[in-house]
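Me: I would like to learn how to read the features of a structure. Please take them one at a time.

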Amino acid sequence: EKGGYDWFMLKEIAEQPQAVADTLLGRLGDDGRLLLDEVRLSDQELRDIDKIFVVSCGTSFHAGLIAKYAIEHWTRIPVEVEVASEFRYRDPVLDRSTLVVVISQSGETMDTLMALRHARDQKARTLAICNVNGSTIPRESDAVLYTHAGPEIAVASTKAFLAQVVACYLVGLVLAQIRGIKYADEVAAIVEDIRRLPDEVSVVLGRMEPVRELGRSLADADTILFLGRHVGYPVALEGALKLKELAYIHAEGFAAGELKHGPIALIDQGTPVVVVVPSPRSRESVHDKVVSNIQEVRARGARTVVIAEEGDEDVVPYADHLVRVPRTPTLLAPVLTTVPLQVLACEIAAARGHDVDQPRNLAKSVTVE
Ligand code: F6R
C-alpha cells in the first residue's frame, strides 16, 4: 500500500502536487467567484469581521503562521496566530466581529477543539480548515473549507500541510472578495500563480535526489539550525519540527533577523544551517539581508544548505549545498520551499535507522489536552 515507497511519508510527500491540485479543484472559479464548502454565515457577517485569530497546533500552527502574511496582505484585516493550547487560557478578546480560523488535519485535536469551543462561547465567528470530512472540528464550526489531501497515514504531516497552506490562501482570497478587493489586479494575478503550484511542486520533487544524499550525509549531526524570513520563517520552524519529530535531532528554526540577537553563538565548525531564502523580488531587500546572514554563519564555520529561487545567483558563493525552487510570488513560496525540508528530515531519520512513519512518543491524532 506504500505504492513502491519505503515509507508512507515518502509516498505522501510525492502526492503533494495532487493534494494541492485537489484542494484547489472547483474553488478558483472561472467566473472569479471563490467559495467555501459550508458557510453558516452571511456575507454581511463576513464583511463585518475586523479581527482574525488563527489557532492550531504543531504543523497546522505553522500553516497558520503563513496564513497571517497572506490574509493580512490581501484583506488588511489584522491577524493573530496562536497555538491552541495557549489561546483560551489567556482570555483573548473575542466578539461577533472576530473570526477564529482553526486549522486541523484530523479535525479531532483536543487543544484545537477546546479553543474552538471557547471562541464560540465568546460569540466569535468560526471557520475550520480540515482534512477529515465530518470530523468534530468542522461539525462545530460556522464555516468550513476542506483540504483534499486524502488520508494521511504517516504521523508526520506533509501533504496535509501543503493543502492547509493553499486553503489558507483561499480563505484570504474569499474574504478579500467578500469585502471588496483592494488589490483586484493583484488578486487576479495571484489566482493564476496559485493554479501553477501543483506543477511547480512536481518540479521541486524532481530535484530531490541530491537532497536525499545530503540527508544521509547529515545523519550524524547533533544539531541543525533553520533560518528563514517573512513566510520563510514558518517554513524554517516546520523544517525544524519535522527533523525533531522524525530524526530525534535537536533542531531550531529562527527568524533570520534574530540571528545576531543570540542564536549565532550556536554556530560551530560544521554546524549544518538550512536557510530558506526569500525571493530577490521580495519587499524591503529582505533577500539581501538573508544572503548576508548566510555569509555570516558560513564565516563562523557553518555548513550551509540553501533553498533559493531559480536565477538567484547571489547565494551561490555561500551555499555548500543549493536547492532550487521555481520562481513564484513571495507569499506562495512556502508551498515549494517546505518540500526539500520534508525530504531532508525523512532521509536523515531513515539513515539513523528510525521508523519514519511511526516516530517514538507521537500519535497521529492528539485527542487529549
Ligand atoms: C507534525 C504533526 C503534528 C500535528 C498536530 C496537529 O508533523 O503532525 O504537529 O500537526 O498534532 O494536528 P491536527 O492538524 O490534526 O490538528
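**The ligand and its surroundings**

Reply: The ligand sits in the largest pocket. This is a predicted model, where local features need pLDDT of at least 70, side-chain atom pairs count only at pLDDT 80 or more, and totals for chains, interfaces and linings use all residues. Residues are numbered from 1 along each chain as its sequence is written, and side-chain values use heavy atoms, with hydrogens and water left out.

Me: Which elements give two or more residues to the shell around the ligand?

Reply: Helices here are DSSP runs of H or I with at least four residues, strands are runs of E with at least two, and both are numbered from the N terminus. Those elements are helix 4 (58–75) and helix 11 (232–247). Helix 4 gives the largest share, three residues.

Me: How many aromatic pairs are in the whole structure?

Reply: Rings of Phe, Tyr and Trp (its six-membered ring) pair if their centres lie within 6.5 Å; planes under 30 degrees apart count as stacked, over 60 as edge-to-face and the rest as tilted. The search finds two pairs. One of them, Phe53 with Phe87, is edge-to-face, at 5.4 Å centre to centre and 65 degrees between the planes. Phe53 is in strand 2 (residues 51–56) and Phe87 in helix 5 (residues 84–87), so this pair ties together parts 34 residues apart in sequence.

Definitions and conventions:
On a 1 Å grid over the protein atoms alone, a cavity is a set of points where a 1.4 Å probe fits but cannot get out, and a pocket is an open set with protein on both sides within 12 Å along at least five of seven lines; lining residues have an atom within 4 Å of a point. A molecule sits in a cavity or pocket if more than half of its atoms lie within 2 Å of its grid points.
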